Amino acid sequence: MILNIWKRNWHGNFFAPDYPEIAKKALARMLSLTGEPVFDEKGMLQKGVIVRHLLLPGHKRNAREVIEYIHQNYGDRVILSLMNQYTPLRD
């Protein structure tokens with residue numbers, strides 16, 4: 001089986017100061033290997049890159065920066081998956 005779909009998690013730079021630059025290089029490489037997204041007749045992705053970004057409370061600026069970077073540099077060639085499942089517990 002040949003891997004035709006890449007999924008990249010983009011977390012921000014919470015733990016490693018060089019994370020954004022490494023993520024950007026990885027994303028560029030993934031896209032160079034897959035090219036434009038390709039869907040079958042049922043609308044299922046057959047080839048392409050998906051970037052998954054977890055939206056965190058209090059980190060709206062980070063989310064905006066990630067989305068703007070991807071859109072400005074890759075447009076429709078990268079599929080975004082924005083997740084909002086994280087809900088902090090309240091006392």
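**Entry 1: order of elements**

I read the chain along its sequence and found the pattern β-α-β-β-α-β. I took helices as DSSP runs of H or I with at least four residues and strands as runs of E with at least two, numbered from the N terminus. The secondary structure comes to 2 helices and 4 strands.

I note that this is a predicted model, in which local features need pLDDT of at least 70 and side-chain atom pairs count only at pLDDT 80 or more, while totals for chains, interfaces and linings use all residues. Residues are numbered from 1 along each chain as its sequence is written, and side-chain values use heavy atoms, with hydrogens and water left out.

**Entry 2: the chain as a whole**

I looked up burial, where buried means under 20% relative accessible area, exposed over 50% and partly exposed in between (1.4 Å probe, protein chains only). Of the 91 residues of the chain, 25% count as buried.

I then looked up contacts, meaning heavy atoms within 4.5 Å. Among contacts in the chain with a separation of 6 or more, 64% come from residues 24 or more positions apart.

**Entry 3: the two helices**

I examined helix α1 (residues 19–34) and helix α2 (residues 60–74), which pack at an angle of about 35 degrees with their axes 12 Å apart. The axes are lines fitted to C-alpha atoms over the stretch in contact, and angles run from 0 to 180 degrees between N-to-C directions. Lys-24, Leu-27, Ala-28 and Leu-31 of α1 make the contact with Tyr-69, Ile-70 and Tyr-74 of α2.

**Entry 4: rings and a charge**

I searched for aromatic pairs: rings of Phe, Tyr and Trp (its six-membered ring) with centres within 6.5 Å, counted as stacked if the planes are under 30 degrees apart, edge-to-face if over 60 and tilted for the rest. The count comes to 1 aromatic pair. The ring centres of Tyr-69 and Tyr-74 are 6.3 Å apart and their planes stand at 75 degrees, so I recorded the pair as edge-to-face. Tyr-74 counts as buried because its relative accessibility is 12%.

I also found the charged end of Lys-24 over the ring of Tyr-69, 4.6 Å from its centre. For this, NZ of Lys or CZ of Arg must be within 6 Å of the ring centre and within 35 degrees of the ring normal.

**Entry 5: Ile-67**

I located Ile-67 in helix α2. Ile-67 has a relative accessible area of 28%, so I listed this residue as partly exposed. Leaving aside neighbours within four places in sequence, Ile-67 is in contact with Leu-80 and Leu-82. The C-alpha atoms of Ile-67 and Leu-80 are separated by 8.1 Å, and the two residues are 13 residues apart along the chain.
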